Amino acid sequence: MAIGSGLGAQLGIAPEVTYGTFVAPTKFVEFTKESVVLKKTTAQSAGIAAGRLVPLASRRVVTQREAAGSIEMEFTNKAMGLLLQSLMGTSVTPVQQAATAAYLQTHILADSFGKSLTIQKGVPLTTGTVTRKNFKGCKVVSAEFSCEVGGMLTVSFEIDSKDCEETSVLATASYPSMAPFHFGQMGISFGDFGAETARDGIRKMTLKIERPMATDRFYANSSALKAEPITNGQVKISGSIERDYVSTDLDDLHTSDATTSLRWEFIGPEIAPTYNERVSFLIPAVKFDDAPPAVEGFDVVKNGLSFTGLFDGTNANKIEYMSADVTL
C-alpha cells in the first residue's frame, strides 16, 4: 500500500501513436505540483411540466468532455525528453556522442501536430489505495522555465487533454537516478549567434514558450470529445531577467532595439570526457521590451528586463538536452 497522502502520488507518461488512444506509461517523472483534471460541459433540460418545481436528474446530459491543467517540476538531467518533444514539435531521436554514454537531443521548434501523450496520474486515497486518472490526448500548450539565486531550474507545463478515463491499469512507477539542474550550473550569454558572451550580474531568468492551439474542435459524430488541437497562431516566446545594474550593455540593446542572440544553459557533471549533462535554450533573435534601471532606495540598483524571442530568418529556436537517456 502507498502512503495515504501526496507522498504516494505518481505521474507516468507515454507517447501516443494515435491522438487520444491510451498507451501504458513507460516513463515516470518526479513532480512538485499538478492540477490536470477532467472538465465536462453539461446541459439541463428546461422543459415545463405542470407542478414540477425542480429539474429532472434524468434530463441532464454531458455534451462535452475534456481535461486541462498544469504540471510543475524541477527540470532534471534525465526523463525530460518526451515533454520537450511535445512542447517543441520535432520528432527527436537521441544521438549518441562518439562511443560514450552521452546522448544529445535537439528539440527544434516545429508544428506539434501528432505529438500527443498519455499522462497517467496516481492519486492516493487516505487508506493508501492509489486511484488512477488516465488523461488521453495530452498536448503541451505552453511551458515556463525559471531559475533564480539559490534555486533549482523549474518548469511548469500547461496541458490540454482530450479525455480522462479511470479503467486502464495503474502502471508500477520506477525512477532512474536523476538530479535537478540548478543556479550553480547556470550561464547566460548574449551577442552574435554562435558567438554569445557571458553577462554578469544576472540573478534570475525566466523563459516562456506558448503554442496557440484550437483546443475547441468539438464536432458531431465524436461522442462529445474533441479532435486533436491545431496550431492557430504564431508561437510566442518571451522572458524576463533580474539583474544588478553592473553594466549598460543590455540596457543599450533596449534603447536601440537591436537584435541579440540568447544562450541560456545549465552544465552539469560529466557523463563522459568532453560530454557533460546539459540543457541549453537557444533563441537566435531577442528584442528587449523593457529595461528600466530603477533606484528604489539605498540598495544596489536593479535592472529588470523583459524580452521577446523572434526568428532571425536563418537559425532555429531550439532546446538542446544532453543526458544519459538512450531513448526519450
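Modeller: The model is predicted, with local features requiring pLDDT of at least 70 and side-chain atom pairs counted only at pLDDT 80 or more, while totals for chains, interfaces and linings use all residues. Residues are numbered from 1 along each chain as its sequence is written, and side-chain values use heavy atoms, with hydrogens and water left out.

A pocket is an open set of points on a 1 Å grid over the protein atoms alone, where a 1.4 Å probe fits and protein lies on both sides within 12 Å along at least five of seven lines; a lining residue has an atom within 4 Å of a point. Grid points are joined across faces, edges and corners, and the volume is the space filled by probe spheres set on them. The largest pocket holds about 190 Å³ of space, and its lining consists of L109, Q234, V235, I237, G309, L310, F311, N315, A316 and N317.

In one, E66 and K226 meet at 2.9 Å, N to O, and the pair links distant parts of the chain, since E66 sits in strand β5 and K226 in the loop between β15 (213–214) and β16 (230–231), 160 residues apart. Strands and helices here are DSSP runs numbered from the N terminus, a strand (E) having at least two residues and a helix (H or I) at least four. Both partners, E66 and K226, are buried, where buried means under 20% relative accessible area, exposed over 50% and partly exposed in between, for a 1.4 Å probe and protein chains only. D160 joins E66 and K226 in a network of salt bridges.

Another salt bridge brings E320 and R278 together, with the closest N and O atoms 2.9 Å apart; E320 lies in strand β22 (residues 318–323) and R278 in strand β19 (residues 275–290), so the pair ties together parts that are 42 residues apart in sequence. E320 and R278 are buried as well. In the salt bridge of E265 with R263, whose closest N and O atoms are 3.2 Å apart, E265 counts as buried because its relative accessibility is 16%, whereas R263, at 25%, counts as partly exposed.

Burial also describes whole elements. Five of the six residues of strand β1 (residues 10–15) are buried, so the strand is largely enclosed by the rest of the structure. Strand β1 runs antiparallel to strand β8 (residues 117–124), to which six bridges join it, pairing being assigned if DSSP finds at least two bridges between two strands; within this pair, L11 has K121 as its bridge partner. With strand β2 (residues 27–28), β1 pairs in the antiparallel sense over two bridges, and there G12 stands opposite F28. All eight of the eight residues of helix α1 (residues 81–88) are buried, so this helix too is largely enclosed by the rest of the structure. After α1 comes G89, with a positive phi near 105°.

Technical notes:
A salt bridge is a side-chain nitrogen of Lys or Arg within 4 Å of a carboxyl oxygen of Asp or Glu.
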